[in-house]
Amino acid sequence: MDNLTPMLKQYYSIKQQYQDALLLFRLGDFYEMFGADAEIGSRILDIALTSREMGKGKTLPMCGVPYHAVESYLAALVRAGYKVAICEQVEDPRTAKGVVKREVVRVVTPGTVIEPQLLEDKANNYLTAVCRQQSHYGLAVVDVSTGYFAVTEIKGEGAEDKVWNELERLAPAECLLDPSLDNDPIWKTEADRRLNCAVSSYDERAWRYAHASDALRSHFGVKSLASFGLDDAAAAVRAAGALLSYLNDTQRRILSHITSLSVYSVESYMLMETATRRNLELTETLRGGEHKGSLLWLLDETVTAMGGRLLRQWVLQPRLDKGEIVERLDAVEELVKNTPMRTRLREQLARVYDMERLVGRITYGSANPRDLVALGKSLQQIPELIRILAGVEAPRLKELGRRLDPLPELTDLLQQSLVESPPASVRDGGLIRPGYSQELDQLRTAAREGKDWIAALEANERERTGIKSLKVGFNKVFGYYIEVTKANLASVPEYYQRKQTLANAERYITPELKEKENLILGAEERAIQLEYDLFLEIREQVKAAAPRLLSLAGAVSQLDVLGALAEVAVRRRYCRPQIREDMVIDIRAGRHPVVEAMLPQGQFVPNDVYLDDETAQLLILTGPNMAGKSTYLRMVALITLMAQMGSFVPADEAQIGLVDRIFTRVGAADDLGTGQSTFMVEMSEVNTALSQATPRSLIIIDELGRGTSTYDGMALAQAIAEHIHDVTRARTIFSTHYHELARLALTRPRVKNLRMEVLESGKEVIFLYKVAEGAADRSYGIHVARLAGLPKSVLERAKSVLQDLEPEQPYQQLRLDAFFLTGASKGDSITGDNAGAVKQTAASPSAWQVQQELAAASDIPEDSRGTEILREIEAADLVHMTPFEALNRLVEWQARLRNKEK
Ligand SMILES: Nc1ncnc2c1ncn2[C@@H]1O[C@H](COP(=O)(O)OP(=O)(O)OP(=O)(O)O)[C@@H](O)[C@H]1O
Ligand SMILES: [Mg+2]
């Protein structure tokens, strides 16, 4: 160490404080990295690794990037998951004695970037902090690019699961863990696995309550945290305080755009497992993870980036409070009905830039003149927005209209001070409008007059000297000069002072020319400096208005989201859902929003849904492959979710009894994309639903038991369905190819059977995509396989295996022989409403089955006493009876049998 040059000594003393970051060390026009940092940097940035003498013949690896291009290099390092400490020269090298003073001015981490090239327009960039206090968790989240700062405390049963859900919903770019979690190997691994972001620990002191609460109080300038509602929330305080300290440490500036801390509860939002968000394809598709094809893609008609971010939040956080939902729906409805207003509103909003992030950059002092002009232009749109909203009725629109604060002084300031399209750089002048500063105008006039004088000089001197070829020119070394060719040297007047000799010309100056030159150059230099100072001054004034600007931006975002929802509703003919406090979900002619949008217009077959807690709590949906079961299931979940985010829904009519949680389990075959198609995953997802669902919840189970053998799967599916019916009592739709499950409707009053209708015509199966009551009578799996082109021999073999396997299934593969083996149509047969004859045959085996069961259970002698009743049972169309009807018949039969016994 002792032999190091003073500069390297300085480097090492700084590097020691930033061991977990790559240190970019400013040396003149470069940022240099040394040692191990240089090796990493040169690899990621693909730049040459050189070396620097360390003395005594030792060398140190080194690489560097030019200061003016640092942003793109920075972006690459951060994207690769590194923290980068930027170390600047903090004194003027020309006046410094000894080594120039250097300091780290900011540590850029994945969760604290504000550089536009590192950010996605329509998604937040979150930094989160989590701490654990006994069984409580505190979770704080900040987006430094927008100033959003929020915290929640999660406790009680299943708290840890909720924390994970919330973290996965936020999908942070960086997550801090308190020491107790950081030292917990399970937590640490889970965090790495589930969050796919930089997970780091942070100074133990910062997490202590006293320290954290001090950090919060001093940032917000308050004496107590009671005003935030945080007096009893130690875990929340610790998480939020640690997050703030981390920001102070790394950003090294006061983040004045973080103007408030909102305390929220995960309980006020519809809870969704991460699997549910994924299965419902809320923000990306299951396969391929693409935006296109997701619900967000469909709904995103927002015209501002801010609105896009807010819409994403709404999609991921449907509400539970009817009041809030209805307020949103009222606003959307008014915008739907008033197309001229909606159109004007959206046109006006489209002229507003990303004010939140502009304010973020202004606070960071990295906003350039163009950013300020963009902010100014955005502000100019506000008065017209206020006019557009002048006559609105919906309370939410009224409130947002009132929140539109036009900030007239700031609008004027920006409009009057900055030119229309300034350069991006603040150092070269050309930013400030004439008339804004008298001093600047004078300097500019002086410079211009000087230039005019010089422009006139050439003509004047030619006339005075009679030298026709005399020229006035400028170069960087000598400034302005008068040039005379060698041929005319004789005519040069005496007061010309020779300055430079060229091959066939001489250059001269005059005292007057130099005087003007000083005036011009001095004035220009001073003007540029003055413009810079004025710019900083303006930026400071804008910064002081950050809280008002952010509140305005919040109102604008919400208007944008409401306008977008209304626009989608109109374009796609959605209806306003009616929100109910009871358990009824009643959807008429519902459509799956995304599948509908992907199909040619009018092709989607709408379907009804009815669920409640008395007669239709558990719907069992059967039907062949490809018939539309999964689509139907997801449709129900999506319509519910859209309604609760305040959106209109794809249906003719919809009544939605609030849902507190949506659970989904989609068939193993349907989520190959995640690489987790194991039976275990399936079971653990079902377990979550069974243990955590309430009667208010909605459970969607698509093809349970696919991942295991038929009989296991069937047994499990039935046991699970029974449990949901008897114990959990959540509204549930269950799709299955175990048709035996349809029997549950006979014994369970709140079970209803549904089937996807199919039309058979000869060899063809035509999918009608229509849901009807009653169970389907067969699975058609083999038929679909045939459609897919499997060899006939395989199909025939499958058929015979099927017969061996399921000899006494209640819903036998009727007439399959004729259908598959001959391949010929023995008269078209139809399942569905208009297929009375088929129903009859389909129903008889089940009647037979019931007969067997009855015989076993009630020990009816095989004599003539019961034959009449048995015949009735045989003839009864059980599949198409409601459970109640069936039960009534059963009561009647039993009564008659008992009568006979007497
Ligand atoms: N209501 C509908 N109207 C029009 N087309 C539909 C409808 N429902 C589904 N489809 C079309 O049918 C295809 C298959 O639907 P879906 O995946 O829901 O069937 P499934 O019964 O779940 O099949 P599987 O048993 O193989 O999982 C969809 O991709 C869609 O194109
Ligand atoms: Mg399916």
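**Entry 1: a pair across the chain**

I began with arginine 238 and aspartate 178, whose side chains meet in a salt bridge at 3.3 Å, N to O. I count a salt bridge when a side-chain nitrogen of Lys or Arg is within 4 Å of a carboxyl oxygen of Asp or Glu. This pair links distant parts of the chain, 60 residues apart. Arginine 238 sits in helix H8 (residues 234-251). Aspartate 178 sits in the loop between strand S10 (174-177) and helix H5 (179-182). Helices (H or I, at least four residues) and strands (E, at least two) are DSSP runs, numbered from the N terminus. Are the two residues buried or exposed? Both arginine 238 and aspartate 178 are buried. Buried means under 20% relative accessible area, exposed over 50%, and partly exposed in between (1.4 Å probe, protein chains only).

I noted the ground rules here. The model is predicted, so local features need pLDDT of at least 70 and side-chain atom pairs pLDDT 80 or more, while totals for chains, interfaces and linings use all residues. Residues are numbered from 1 along each chain as its sequence is written, chains are lettered from A and ligands numbered from 1 in the order written, and side-chain values use heavy atoms, without hydrogens and water.

**Entry 2: other salt bridges**

How many salt bridges does a search of the whole structure find? I found 59. Side chains of opposite charge can pair when their charged atoms come close.

I looked at arginine 94 and aspartate 92, which pair at 3.3 Å, N to O. Arginine 94 counts as exposed because its relative accessible area is 75%. Aspartate 92, at 33%, is partly exposed.

Next I took arginine 498 and glutamate 506, bridged at 3.4 Å, N to O. Arginine 498 is exposed at 57% relative accessibility. Glutamate 506 is buried, at 7%.

I also found a network of salt bridges that links Glu301, Arg342, Arg346, Glu567 and Arg571.

**Entry 3: nonpolar cores**

In soluble globular proteins, nonpolar side chains tend to be buried together. I define a nonpolar core as a set of buried Ala, Val, Leu, Ile, Met, Phe, Trp, Tyr and Cys residues joined through side-chain atoms within 4.5 Å. The largest one has 117 residues, and Leu299 and Leu549 have the most contacts inside it. Which helix gives the most to this core? Helix H21 (residues 546-571) does, with 14 residues.

I listed the contacts (heavy atoms within 4.5 Å) of leucine 299, leaving aside neighbours within four places in sequence. Among them are Leu311, Val315, Ala564, Leu565 and Val568. Met642, Met645 and Ser647 are also in contact with leucine 299.

**Entry 4: positive phi**

Most residues other than glycine have a negative phi. Alanine 171 has a positive phi near 45°. Alanine 171 lies in the loop between helix H4 (159-170) and S10. I found alanine 171 exposed, at 52% relative accessible area.

Asparagine 196 also has a positive phi, of about 50°. Its loop runs between helix H6 (185-195) and strand S11 (198-201). Asparagine 196 counts as exposed because its relative accessibility is 70%.

**Entry 5: valine 891**

I ended in helix H32 (residues 883-901), where valine 891 is found. Valine 891 is exposed, at 51% relative accessibility.
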